[in-house]
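Here is a short note for a colleague who is opening this structure now. The points can be taken in order, with the model on screen.

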Amino acid sequence: MPAISIAKAPQPAATNPAQIRNFCIIAHIDHGKSTLADRMLGITGVVEDRNMRAQYLDRMDIERERGITIKSQAVRLPWRSGIDNEEYILNMIDTPGHVDFTYEVSRSLAACEGAVLLVDCAQGIEAQTLANLYLAMENNLTIIPVLNKIDLPAAQPEKFAIELANLIGCKPEDCLRVSGKTGAGVETLLDQIVKQIPPPIGDPKAPTRALIFDSVYDSYRGVVTYVRVVDGHLSPRDQIQMYSTGVRHEMLEVGVISPEPMASKGLGVGEVGYLITGVKDVRQSRVGDTVTTYNNPATVALAGYKDPKPMVFSGLFPLEGAEYPMLREALDKLQLNDAALVFEPESSDALGFGFRCGFLGLLHMEIVRERLEREAGLTLISTAPSVVYKVTLDDGKKIVVTNPSEYPDGKIAEVQEPIVKATILAPSEFIGTIMELCQQRRGVQKGMDYLSEDRVEIRYTLPLAEIVFDFFDQLKSRTKGYGSLDYEPIGEEAGDLVKVDILLQGEKVDAFSQIVHRDKAYAYGVTMTAKLRELIPRQQFEVPIQAAIGAKVIARENIRAIRKDVLAKCYGGDITRKRKLLEKQKEGKKRMKMVGRVEVPQEAFIAALTTDSDKASEKKK
Amino acid sequence: MNLAFYVHIPYCIKRCGYCDFNTYTPSELQITTGLKSITNSYTNLLIAEIKSARKQVGDRSTVPSIFFGGGTPSLMEAADIESIITAIGSEFDLASDVEITLESNPDTVDREKLENFYKAGVNRISFGMQSAVPHVLATLDRTHNPDNLYQVTQWASEVGFKEISVDLIYGTPGESKADWQKTIDTALSLPITHISAYALIIEEGTKLAAQIKRGEVGLVDDDLTAEKYIMADSAFTKFGFDWYELSNWAKPNSESKHNLAYWLGHNWWGAGPGAHSHLNGKRFWNVKHPNLYKQKIDAGDSPVADSEDLKESQMESERLMLSIRLPSGVEKSTLNEKQILDLSGYVKSGHLDKGNWDSGRASLTLEGRLIADRIVREILL
C-alpha cells in the first residue's frame, strides 16, 4: 500500500522542496472533480473509510447541492511513489470551477507547478475547463490529461483522448484513464503527479514571500488565509505583513490541512497551508496578495495581484419592506467572506429600500442571492442585471452608470460598455444556431476551431450586457444543453446605447428602465409593455403602459379599466364568507406596490424582470 | 325585537350544473323511497329547531318575514309549510304584515299546489326562471320549460299572490346579448312585481366548473357580463322596477323585506342544515348535512356547527359591505378621514354619485355598482 501514515510522513516546515508536488485539478462542474478528490483522500489514507462522506472538501451546503465548488482548499497528501518508492508530499489545491471566478482560479494555478486536466469521457471538455486550461498553460503548469468516469457505459475515452491530445499537444495514449467512482487508475495518477510535475523552487534564505490564493471567513476563527510559500518561511511566532496594504498582523496559528486543519511549526519553501491572524474580514487578506514578515519584509511582491472588480450590478430588495435591516445585516456578514461583493443602499420608487450590489458575474450574483435567502431567511426581488457604463456627457464630464435609473437623459457624447471575449464549445451541428445567437447579440466572430470531428470551439467578442441578458439560457436551449460558455472581460467599446423607460399612466417606473442598444430598443419596449399588460391586473381606470426613449414613446399598450368586480349574491345569508373573502382580497392588495395610483403586484416585478424566460415558464407549470 | 326567519329546504330532484348550494338529491342521499317521506319527517326537525330558537332568543320577538329557500321548497307539501309557519307563529309573534316567501321551481307546481301554498299562509312567491333561452338553460343544466313561466306566474296571480318575483341568471357561458335581452323582455312580460338578477358565479367543484376546465364550455367575459347588468338595469327601470339592492329590482313597495333584512344587518334565524343566523352581532351556522342535522336534533343537541362573535371592526366592515349595496349607500359622517379620502377618487371617476356625496352620502352610480366589492375593499377596516 503506497499510503504512509501522517505521523511518519515528512512534517510541515521540515519537508525538502524536492519531495513536494503542488497541483490542482481543472475540471468542469459535474465532471467528477470532487469524487476524484474524495478518492485521493481515501487512497492516501488521510481520511479513513469510515469518516468518508461524499464531496468531503466542499463545505458549504450550497456547494454540495449545486455540485460546484466556490471556495478552494488545499489538502496535504503524503504519498509513497509506486515508481521510485520514495516519500512525497502532494498538495492538492482545489480550484473554483466557474466563469465568474477566473481571477481566483488564476491565483490557485499560480500556487501550483502542475495541473490535472480532468474531463468526463462521456461529455468531453467544456468551455470553462478550456479557459482554465489555457490559464494553466499561460502559467507554465505541467498538464496531466486525465479522462474520468471510464466506468460509465456512455464513456468514449478514445474520442476524447484525441480531443485532449489536440488541445495540449500530447499523444492520445498519454491521457490517463481513471474512475473517481471505482478508484480505478487513481494510484497511477498519483504516481504520475510525482513523476511529471516538477518540485517547487524557492530561496529558503530570502525574505519571506507567500502567495494568498484563498481566504475564507470562519465564524469561530476569523479569516483563514490559504498560502503557498514561495521564498523564506512562515513560523507561528512571526508578525506578518500584507504587501499591498502594509498592514501588520499577529500570527495566531499556521498549519496545514490534511484534510482537517492541523497547526504546524511553520511552512517552508514550496509548502501550502493556512494561517490565522484574527482578522475578521476577508478584504484584509486578499487573494493574490503577498504575505511577508514584518521584521524582514520582501521588497518585491509576487506578480499578478488584482483587485476584484464587479462586472454585473443588480438591485436587491426585500419583498417585505420591514426586512431591510435584516438584508443589510446579511450582506455585511456575507461580505466578510466575499471580497468581491460590493453594495450600497439604493431606493426605488417601486420597490422601496434595498441595495445596489456588484458581482463578478451572473453565477456570483445568483449565489449571493441564494445565500441571502437561505442563510438569512429573506425573500428578495432582484432587478434586471446591468453592467458598468462609462458615459461621457456633451460637456466632457464623465460619469459611471451601474443602474439604469442613473442614466442621464440626453446630452450624451459617448457611452462605453464592457466587452468580453467569449468562448463557446458545442457539438458542430449547432454552429449555425450559435452564430445566429451571437449575431443577434451584437457579437463579432473571432475564430472557430474543431476540437474533434464533431465538436467546435467558437470565439466571439460580445458586449457583456448582451451576455447578462439570458444569453446562457438561450445557448443552452439552442444547443439542447450541450453548449458551454466561458467569457472574460477584454475592455470597453463605444456603443449606440439608449435608455428605455417604462411608464405606467405617465409615471416612470424606475425598476423597469433598461439600457439597450438603439436597434433593440423597440423590441425591448414592445416585449416589456406586452408582458406588463398581462401581469398588471385591471384597475378601476384605464392604465396606459408606454415604453419611451426620453420623451419619445416607442411602444404602447393599454390595460382597460375593470368593469365588474362584485359578487352578485350572499348565499343563504352567509355574510361571514363574503366578509372573509373581501378581507382576504384586501390582504392581497397590501402586497401590491403602488406606482402612482396603479396597483402593481410583486409578481409583475419579478416576472417582468426575470430575463430567464425558460425558468419563468417552468414556474408557471 | 324583530327576528326574521330563513327556513332551508335542502332537497332537489336533480342538482343543476352550476349549483353549489347546500342541497341534496335523492341519489346523493342514497334513498329510494322518493322525497315525500323525507320532507314529512324533515318538517318535524325544523319545528324542533324553531322551538329551541325561542328558548335561545328568550322573548316573543316579532317576525316581520319568513323565507323558504333551498334547495327546492316547492317540493314540500303545503300542509308541511303551513305547520312550519304555525310553529313560528306559536313561538313568536307574526307581524300583521308578515312577508312569507317561498322559492319555487316552475316545474314542481301546478295551479292547485300554488293555491294550497297561498292558503297555507305564503304571500310572496319567487320563481327560479333563470333564463328564457333553451340553450342557456341547457348550459345551466336546468330542466324546466321556459314557456311554463307565463303559466305559473299567471296561476300564482289568479290564486291570490300579490307579490310575485322571478330569479334570473346572466353571464352564462354561451349567452349572447340578444339571448339576455330575450330573457329580460320575457320576464318583463310576466305579471310580476319583483326581479332578482344574479351574475353567474362559476363555483369550484360544480359540474359547470369541471366542464369549463375540460374546455367543453367556454369562458365568460366579465366585460360582457357588466354590459348585461347595464342592459337589465335600463330595461327594468323603464318598466317601473327600481333597484333597491345591487341584484334586486322591485315595483314601488314590492321590495322584499326579508332580502333587505340581510343588507340592513337585522336579526334573523336560519333553520335547517347549513343555515346561517345573525343575532345581535353574533353569527352562527348549522351543520351542513341533513343526516347530521337530523342526528343532532333527534338527540336534543344544538345543530350549530360554528359561530363567530363579531368584533366591532368586523361589524363595521359588514355594515359598509352590506349597506353600500343599497341605493342609500353609506353615510359619510360614519366614515373616517382615510376612508373619505380613499372614496373621493371614486367620486372623481364616476363610481360614486357626486350629488349624494356632496350632500353627505357615499352611494353607487350604475358603473359603481359593478365594482362595489372593489370600492368596499378600499374602506374595509
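A residue is called buried if 20 or more other C-beta atoms lie within 10 Å of its own, and exposed if 12 or fewer do. Keep in mind that this is a predicted model.

1. **Gln130(B).** Start in strand E4 (residues 124-130) of chain B, where Gln130(B) is found. Gln130(B) has 26 C-beta neighbours inside 10 Å, so it counts as buried. Its phi is positive, about 65°, although Gln130(B) is not a glycine. Most residues other than glycine have a negative phi.

2. **Asn253(B).** Here is another non-glycine residue with a positive phi of about 65°. Is Asn253(B) buried or exposed? Asn253(B) is exposed, because 7 other C-beta atoms lie within 10 Å. Asn253(B) sits in the loop between strand E8 (248-250) and helix H9 (257-263) of chain B.

3. **A cis peptide bond.** Look at Gly70(B) and Gly71(B). The peptide bond that joins them is cis, with omega about 10°. Gly71(B) belongs to the loop between strand E2 (62-70) and helix H2 (78-91) of chain B. Most peptide bonds are trans.

4. **Ile100(B).** This residue lies in strand E3 (residues 93-104) of chain B. Ile100(B) counts as buried because it has 26 C-beta neighbours inside 10 Å. Which residues does Ile100(B) contact, leaving aside its neighbours within four places in sequence? They are Ile66(B), Ile85(B), Gly121(B), Val122(B), Asn123(B) and Arg124(B). Glu163(B) is 63 residues away from Ile100(B) along the chain, yet their C-alpha atoms are separated by 9.9 Å.

5. **Where the chains touch.** Chain B brings 35 residues to the contact, and chain A brings 24 residues. On the chain B side, the elements that give two or more residues include strand E1 (4-9), helix H8 (222-238) and helix H11 (312-323) of chain B. Which element of chain B gives the most? H15(B) does, with 5 residues. The chain B side divides into 16 nonpolar, 11 polar and 8 charged residues.

6. **Chain A overall.** Chain A has 15 helices and 31 strands. Of its 621 residues, 49% are buried. Take the contacts in chain A with a separation of 6 or more: 71% of them join residues 24 or more positions apart.

7. **Strand E3 of chain A.** Why is strand E3 (residues 87-94) of chain A described as largely enclosed by the rest of the structure? Because 7 of its 8 residues are buried. E3(A) runs parallel to strand E1 (residues 20-27) of chain A, and 6 bridges join them. Ile25(A) has Asp94(A) as its bridge partner in E3(A). Strand E2 (residues 74-80) of chain A pairs with E3(A) in the antiparallel sense, over 7 bridges. There, Val75(A) has Met92(A) as its bridge partner. The hairpin of E2(A) and E3(A) has 6 residues between the strands, and in it Asn85(A) takes a positive phi near 60°.

8. **An open sheet in chain A.** It is formed by 4 strands in the order E16-E17-E15-E18, with antiparallel pairing. The edge strands, E16 (342-348) and E18 (380-382) of chain A, each pair on one side only. Neighbouring strands are turned by 30° against each other on average, direction ignored. Within this sheet, strand E15 (residues 312-318) and strand E17 (residues 352-359) of chain A pair over 5 bridges. Val312(A) stands opposite Phe359(A) in E17(A).

Notes. Residues are numbered from 1 along each chain as its sequence is written. Chains are lettered from A and ligands numbered from 1 in the order in which they are written. This is a predicted model: local features need pLDDT of at least 70, side-chain atom pairs count only at pLDDT 80 or more; totals for chains, interfaces and linings use all residues. Two strands pair if DSSP finds at least two bridges between them. Axes are lines fitted to C-alpha atoms, for helices over the stretch in contact, and angles run from 0 to 180 degrees between N-to-C directions. Two residues are in contact if their C-beta atoms, placed from the backbone, lie within 7 Å. Ala, Val, Leu, Ile, Met, Phe, Trp, Tyr, Cys and Pro count as nonpolar, Asp, Glu, Lys and Arg as charged, and the others, Gly among them, as polar.
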